[in-house]
Amino acid sequence: MKIFVLRRQMLTVAACAVAALGMFWLVSHPNAVGAAATVRQLPIYCVQSEEKVVALTFDAAWGNEDTQQLIDILGQYNVPATFFLVGDWVDNYPESVKALSDAGHSVQNHSNTHPYLTQCSADTIMSELNGGPP
């Protein structure tokens, strides 16, 4: 008959090993991971198409000193683009907004004041997208 004597140090090592195995099982178990993971919606980076096409977009949040030159270059090559405009930019440069639209480009909303939307409440996001005060 053998008698095992366990020292405090051996008990600590064994407890740590059991805890590590338990954490590994918990993290790698599909049901545990599925329940803990949040659903994250990602932006659309591409769509399936039989055609070879590219979407050209620009953000306008400050200055308009190059806007007319950009309109001219795009027009020279017959390239349509989408311009995402911040509300403050629209307020400061209404003639540029009209020039973009008149040149046949798509003009879209890029929020009112360009905040970090991931850090905003749902009400603030709706206000930003509807052009109201933040």
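## His114 and its loop

His114 sits in the loop that joins β3 (106-109) to α6 (122-130). The model is predicted. In it, His114 has a positive phi, near 65°, and is not a glycine. Most residues other than glycine have a negative phi.

How accessible is His114? Its relative accessible area is 42%, and His114 counts as partly exposed.

## Asn78, another positive phi

Asn78 belongs to the loop between α3 (67-76) and β2 (82-85). Asn78 also has a positive phi, about 55°, although this residue is not a glycine.

Is Asn78 buried or exposed? Asn78 is exposed, because its relative accessible area is 69% and the cut-off for exposed is over 50%.

## Ser96 in helix α5

Now to a helix. Ser96 is part of α5, which covers residues 94-102. Ser96 has a relative accessible area of 7%. Buried means under 20%, so Ser96 is buried.

Which residues does Ser96 touch, leaving aside its neighbours within four places in sequence? Ser96 is in contact with Asn64, Thr67 and Trp89.

How many disulfides does the structure hold? The count is zero.

Cys46 has a relative accessible area of 62% and is exposed. Cys120 has 22% relative accessibility. That value falls between the cut-offs of 20% and 50%, so Cys120 counts as partly exposed.

Technical notes
Residues are numbered from 1 along each chain as its sequence is written. This is a predicted model: local features need pLDDT of at least 70, side-chain atom pairs count only at pLDDT 80 or more; totals for chains, interfaces and linings use all residues. Side-chain values use heavy atoms; hydrogens and water are left out. Helices (H or I, at least four residues) and strands (E, at least two) are DSSP runs, numbered from the N terminus. Buried means under 20% relative accessible area, exposed over 50%, partly exposed in between (1.4 Å probe, protein chains only). A disulfide is a pair of cysteine sulfur atoms within 2.5 Å. Contact means heavy atoms within 4.5 Å.
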